[in-house]
Amino acid sequence: ADQAFTDKEMAHEFLTLLFAGMDTTGHLLTLATYYLRERPEWKKKILEEGDSLIGTLSELTPQNLNKMDQTQAFLKECLRINTPAPFLLYRVATCDHKLD
C-alpha cells in the first residue's frame with residue numbers, strides 16, 4: 001500500500017512542527033526572563049559565566065555555548081518547573097528526596 005503523504009498532509013506536518021518548535025522556544029524565553037527577574041542571584045551567575053567564556057573566545061560556536069554549565073542548568077530547570085506540554089509529560093515522584 002502506498003503510504004506517501006499528500007502535499008496537503010506534508011504542509012500540515014511541516015506547520016505543526018514549525019509552530020510547536022516556536023511555541024516551545026517562546027515558552028522557554030518567557031520563563032527564563034521571568035525567573036531571571038525573580039532570582040537576581042542566578043542572573044548574576046549567568047552573566048558572569050557568559051562574560052568569562054566570551055572574553056576568552058575568538059568566535060562563539062555551539063561547542064563553546066555547551067560549556068556554559070550554569071546557563072544550561074538554569075534553562076533546563078525552567079523547563080522542568082514549567083514544562084511547555086504538561087499533559088504530554090506527566091511526572092510523579094517515585095520516592096521522596098531530601099536536599100541539603
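Predicted model: local features only at pLDDT ≥ 70, side-chain atom pairs only at ≥ 80, totals over all residues.
Start with length. Helix 2 has 15 residues, and at 1.5 Å a residue they should span 21 Å; the end C-alpha atoms are 21 Å apart, so the two agree.

Now for burial. I46, E49, G50 and L53 are the buried residues of helix 2. They sit on the same side of the helix, because the arc they cover around the axis is only 95°. As background, an α-helix has 3.6 residues a turn, so residues three or four places apart point the same way.

## Where helix 2 meets helix 4

Helix 2 (residues 40–54) and helix 4 (residues 69–81) have axes that come within 8 Å and cross at roughly 140°. That angle makes helix 2 oblique to helix 4.

On the helix 2 side, the contact uses W42, K45, I46 and E49, while helix 4 brings D69, Q70, T71 and F74.

## A closer look at F74

F74 belongs to helix 4 and is buried, since its relative accessible area is 8%. Leaving out residues up to four places away in sequence, F74 touches A32, Y35, L36, W42 and I46.

Take I46 from that list: F74 and I46 are 28 residues apart along the chain, yet their C-alpha atoms are separated by 8.4 Å.

Methods
Residues numbered from 1 in each chain as written. Heavy atoms only, no water. Axes fitted to C-alpha atoms, helices over the stretch in contact; angles between N-to-C directions. Helix = DSSP H or I, 4+ residues; strand = E, 2+ residues; numbered from the N terminus. Parallel < 35°, antiparallel > 145°, perpendicular 65-115°, else oblique. Contact = heavy atoms within 4.5 Å. Buried < 20%, exposed > 50% of the residue type's maximum accessible area, 1.4 Å probe, protein only. Expected span 1.5 Å × (residues − 1). Arc of directions from axis to C-beta.
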